[in-house]
Amino acid sequence: MALSGYRLMWMMVMFDLPVMTKSERKAATKFRNFLLDQGFEMSQYSVYVRFCAGKEQAETHTKHIREALPEAGEVNVLYFTDKQYGNMECFRGRKREPANENPSQFVLF
C-alpha cells in the first residue's frame, strides 16, 4: 500500500491548565513532559503536535493522553491529515514563515 498524504495524520494537543498553586504547576509540567516523552513537539506554548502513521496510531496516543490527564484544566485533541498540515500558513509578526517540513519517511526506533 502506498503512503498517502490523506491517510497520514497529525495530532494537535491544545491545553489550558491551571498553574496558580505549586501542585497545579507541577501537574502542568508533568503533562508537558509526558507529551514530549510521547514524541510530541511544541508548536506554541500549550500547543503540541505529533506525526502519526494513521488514525489508529493517533487513537492510541489519544488513549495515553486520556490516562495522563491532570485533575483540572482543559485538553483538546485535534486530528488532521498530512496534506492539511502541509497547507498550514505560518507567520511571525507580519512576516510569513515557511511551513514546517513534513517527514519524508518513517523514523523507526
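This is a predicted model: local features need pLDDT of at least 70, side-chain atom pairs count only at pLDDT 80 or more; totals for chains, interfaces and linings use all residues.
The chain has 3 helices and 6 strands. Going along the sequence, these elements come in the order β-α-β-β-α-β-α-β-β. The chain is made of 109 residues, and 29% of them count as buried.

Now the contacts. Take those between residues at least 6 apart in sequence: 64% of them join residues at least 24 apart.

On to the rings. A pair of aromatic rings is described by the distance of the centres and the angle of the planes. The count here comes to 6 aromatic pairs. One of them is Trp10 with Phe51, an edge-to-face pair at 5.4 Å centre to centre, with 70° between the planes. Trp10 belongs to strand S1, residues 9-16, and Phe51 to strand S3, residues 47-52, so this pair ties together parts that lie 41 residues apart in sequence. Both Trp10 and Phe51 are buried.

Another pair is Phe80 with Tyr85, and this one is stacked: the centres are 6.1 Å apart and the planes are at 15°. Phe80 and Tyr85 are both buried as well. Which cluster do these residues belong to? Trp10, Phe51, Phe80 and Tyr85 form one aromatic cluster.

Last, a charge and a ring. Lys55 has its charged end over the ring of Tyr79, at 3.8 Å from the ring centre.

Notes
Residues are numbered from 1 along each chain as its sequence is written. Side-chain values use heavy atoms; hydrogens and water are left out. Rings of Phe, Tyr and Trp (its six-membered ring) pair if their centres lie within 6.5 Å; planes under 30 degrees apart count as stacked, over 60 as edge-to-face and the rest as tilted. Helices (H or I, at least four residues) and strands (E, at least two) are DSSP runs, numbered from the N terminus. Buried means under 20% relative accessible area, exposed over 50%, partly exposed in between (1.4 Å probe, protein chains only). A charge sits over a ring if NZ of Lys or CZ of Arg is within 6 Å of the ring centre and within 35 degrees of the ring normal. Contact means heavy atoms within 4.5 Å.
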